[in-house]
Structure formats: structure tokens, C-alpha cells
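Let's take a walk through the inside of a protein. Have the structure open beside you and follow along.

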Amino acid sequence: MDKNATQSKRERYLTFYIGNEQYGIAINRIKEIIAMMNITKVPKIPAYMRGVINLRGSIIPVVDTRLRFNMDYRESDMHTAIIIVEVEKISIGFIVDRVEEVCSIDSSALSEPPKFGNGIDTDFICSVAQIEDNVVMILDVLKLFEADELVSLEQIEQKQTQGE
């Protein structure tokens, strides 16, 4: 172990905006970032699921993050992007309003997410960071979905791959 190593360590996060709020995802969860593309609708899926995309032969379910967070739908524009992440070995695309940057955040700059009381689900926020004048909510992509939703996503991916 290096003598100069300190207790805090720096992690890299991709920051992005949904509405006026800034969020971050650990960079090691992200496979790639792509421009908005045509999304094929899939019947009988939750409203926040926009459908699937075919990315170089892989069928990837796409989530409208605004709808997942109970925000109003917004038409995509030139800043809209899809962040492809891997959750439980399933690739999922998250539509975000604007990708900001990759930044290193010292673990000492991360704090516990605020508690809003019963009935308000903030479990998907694993920590909060202060970056310059902005508060960035660091997301736990695994907790954005319940276990049964992950199974549904896997089934959507399999059905589309098999051409059913």
C-alpha cells in the first residue's frame, strides 16, 4: 500500500440533467452514451418504458428517466441522449435531457441522501455530492427498478432478440 494513500478515494461519475436537476451515475456502470435514436414501441409495458432500440445488433430496453421520476414528458432535442448502463447483466438505456461531464468526486464530498419521510421513495439516490455550486444526486441504477421490473426488462430484451 502506498504510504501517501489517504482514507478518502476519488470516484468518477457521469453527470447529466433531467429537467433542472443534476444527477450522476458511477462511470463503471456506463457502457456508452449515444444520441437519441428511433425507439420501437413495445405493447403492454409501463408508461416510463419507451420501448427498445437496436444498437449494433443488441436489443436494449429504453427508459424515459423523466417519466420514471414522475416528471412531465418532454420531446427530445439536440441535447437529448441515451445513457446505456448495465444492471444485473441487462443493458438498459436511460433517456436524459442533457449529458454534462465526467467528473471525479472525492468520497469525502459524498453525503447521505436526504430523508423525506414515509411515502417518498428516494432509495434510488445513493448519495449526494456538492460540485461547485451544484448539488448532484448520485443514482444507484439497480435501485431504480424493483426486482420484478428487472425480470420484465430481461423478458422484453429476450422477446425482441428472438423476434417474437
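**Inside the protein**

Met36, Arg50, Asp64, Arg66, Tyr73, Arg74, Glu75, Ser76, Thr80, Ile95 and Asp97 line the largest cavity. Here a cavity is a set of points on a 1 Å grid over the protein atoms alone where a 1.4 Å probe fits but cannot get out, and lining residues have an atom within 4 Å of a point. Its volume is about 60 Å³, counted as the space filled by probe spheres set on the points. Search the whole structure and you'll find one cavity of 30 Å³ or more. Sorted by class, the lining has six charged residues (Asp, Glu, Lys or Arg), three nonpolar ones (Ala, Val, Leu, Ile, Met, Phe, Trp, Tyr, Cys or Pro) and two polar ones (the others, Gly among them).

A quick word on what you're looking at: this is a predicted model, where local features need pLDDT of at least 70 and side-chain atom pairs count only at pLDDT 80 or more, while totals for chains, interfaces and linings use all residues. Residues are numbered from 1 along each chain as its sequence is written, and side-chain values use heavy atoms, with hydrogens and water left out.

Definitions and conventions
On a 1 Å grid over the protein atoms alone, a cavity is a set of points where a 1.4 Å probe fits but cannot get out, and a pocket is an open set with protein on both sides within 12 Å along at least five of seven lines; lining residues have an atom within 4 Å of a point.
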